Amino acid sequence: MNAHDLDARHLLCPLPVIRTQDAVKNLAPGAILRVHCTDPGAIHDIPAWCRIHGHEVLDIQQEGRDIRITLRVGSD
Amino acid sequence: MLAAKVIQEQGIHVEGINFYTGFCVEGHTHAIRRKDRARPKRNNALWVAEQLGIRLHIVDVIEEYKQVLTDPKHGYGANLNPCLDCKIFMVRKAYEWIREHGFDFIITGEVIGQRPKSQRADTLPVVAKESGAGDLLLRPLCAKNLPPTRPEREGWVDREKLYDFSGRTRKPQMALAARFGIRDYAQPAGGCCFLTDPQYSRKLADLWQARGTRAYELDDILLLKVGRHIRPAPHFKLIVGREEGENNFLEGYRKRFLHLRTRSHPGPLVLVDGTPGEADIELAARIAARYSQGRTAPEVEVEVVPREGEPRRLRVPPLPPHELPESWVI
C-alpha cells in the first residue's frame, strides 16, 4: 500500500497533531501516513494521539531536527 | 479531568475537545528554549485524555479567535486576557461540535468563584446563555450550587452524584482526585494562556500600537513568545535570540525580516521588524554586538542581511548597557 505524506515541518505542537488528525480523517483504515515534522514535542504528542484514537505508530525516525513518524490508520 | 471523571463514573460516554488559539503556553514553549527541553514534553490535554481513556479532539480556532481577542464584548482581565468572551466562544464552539457529532450535552470543569472573571456566580449563566448552549451546559463540580440543567432534569445524569464545590480553594478537587486515585494532574491554577502574562500582553499591545491595528497572524503571536523584544523607536523593533534554541527558532523567520548576525564573535540572531533607516541599522548592529560574546571588545563585525539584496558587514562598537534604556525593552 502506498504511504501518504504529511508535511508538518516548522509547525509547533499541537499543530502537527491537528494536521495529523485532519489528514487521518480522509484516510481509509489500514492506510499508512508518514508525518514529517521538526517540533520535538511531536515525538510524544502524535503517538499519544494515536493511542487515544486507536491508530498504530509503526516507526519514529529522527535525523538532526527532522522527525518522521509513520502510522497506520485504525479501523474506527 | 475531574469533571469528565465524575460523569464517566455514571457510565456516560465522554469525549474531550481542546481548542487551540495560538496563545497556549504548553506546546510551543517547550520546543523552543534549550533550558525547557528537560521538561516533560507532554501535551496536557492529550495526557489527561489518555489517563481517562477518552478520545480527544484538538480543534484549530486560531482564525476565529482573533475576533474574541481584538474585540471582546466583556472586556479584558488584568492583562489582555478576554477570559469571559473566551469561555463563551469555546462553549459555543463545543455546542456546535456536539450537534455535528451527535452528542447530548457539554460538561466543563468550572467551579463558582474559582476564577475572578469567568467563573463567578454572575458570569456562569452568561456563558451558558451567550454561547447558545443554555441548559445543555453542565458543570459537574458545582452543579448542586446551580439550577438543574436539562441532563439532570431528564435523568441522563444523577444530580445527587454531582458536587457543590465553590470558591478559590482547590482542596475539595484535590480530595476528589485522591478518591479517584488521580495523583498527577496539570498545574491547576491558570497559567496555561500567554494572554494572562503581563510581559506577553505588553508585547502584544506594543505590536498593535506599532502597526496601528489590532490585526495579527499566528506567526506574530508566536514571535512574541521568543527572544528579547527591543523597540528603540516606534518604526522598528529588534527580536534578539537569547540562546541557541531561540536562535534556531528565529532562523525559520529570517527571510521575512532584515536580520543581523555577529561574525567576529559568537552571538544572537537578530530580526528587525519595521522600517529602519541607515542609522537605525547601525544601532541595531551595536545592540546585536552588545548581546554577543564580543560585548567587551572595542569592535564587533556584524553581518546585515536585507530582505532583498546583498548582505554587507559593519564594524561597530557594542552598545554599552547604560545606552540601552529600560524603556526600549518591551
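The model on screen is predicted. Keep H10(A) selected and check its backbone. Phi is near 65°, a positive value in a residue that is not glycine. H10(A) sits in the loop between β1 and α1 of chain A.

**Along the loop**

Next, select C13(A) and P14(A). A cis peptide bond joins them, with omega about 10°. P14(A) belongs to the loop that runs between β1 (3-8) and α1 (15-25) of chain A.

**Zoom out to chain A**

Now show chain A as a cartoon. Count two helices and four strands. Their order along the sequence is β-α-β-α-β-β. Along the principal axes, the C-alpha atoms fill a box of roughly 30 × 25 × 15 Å. How does the radius of gyration of chain A agree with that of a compact globule? A compact globule of 76 residues would have a value near 11 Å, and chain A has 11 Å, so the two agree.

Colour chain A by burial. Buried residues account for 36% of its 76 residues.

**Cross to chain B**

Select the contact between the two chains. Chain A puts in 17 residues and chain B 18 residues. On the chain B side, α2 (28-32), α3 (44-52) and β2 (56-60) each supply at least two residues. Highlight α3(B): the largest share of that side, four residues, comes from this helix. Colour the chain B side by residue class. Eight of its residues are nonpolar, five polar and five charged.

**Last stop: a helix pair in chain B**

Select α5 (residues 83-101) and α6 (residues 124-131) of chain B. They pack at an angle of about 45°, and their axes are 8 Å apart. The two helices are therefore oblique to each other. The crossing of α5(B) past α6(B) is right-handed.

Show side chains here. From α5(B), the contact uses L84(B), K87(B), I88(B), V91(B), R92(B) and Y95(B). From α6(B), look for V126(B), V127(B), E130(B) and S131(B). Which classes do the residues of this contact divide into? In the contact of α5(B) with α6(B), six are nonpolar, one is polar and three are charged.

Key. Residues are numbered from 1 along each chain as its sequence is written. Chains are lettered from A and ligands numbered from 1 in the order in which they are written. This is a predicted model: local features need pLDDT of at least 70, side-chain atom pairs count only at pLDDT 80 or more; totals for chains, interfaces and linings use all residues. The radius of gyration is taken over C-alpha atoms; the globule rule is 2.2 Å times the number of residues to the power 0.38. A residue is buried if 20 or more other C-beta atoms lie within 10 Å of its own, exposed if 12 or fewer, and partly exposed in between; C-beta atoms are placed from the backbone. Two residues are in contact if their C-beta atoms, placed from the backbone, lie within 7 Å. Ala, Val, Leu, Ile, Met, Phe, Trp, Tyr, Cys and Pro count as nonpolar, Asp, Glu, Lys and Arg as charged, and the others, Gly among them, as polar. Axes are lines fitted to C-alpha atoms, for helices over the stretch in contact, and angles run from 0 to 180 degrees between N-to-C directions. Angles under 35 degrees count as roughly parallel, over 145 as roughly antiparallel, 65 to 115 as roughly perpendicular and the rest as oblique. A crossing is left-handed if the near helix is turned anticlockwise from the far one by less than a right angle, and right-handed if clockwise.
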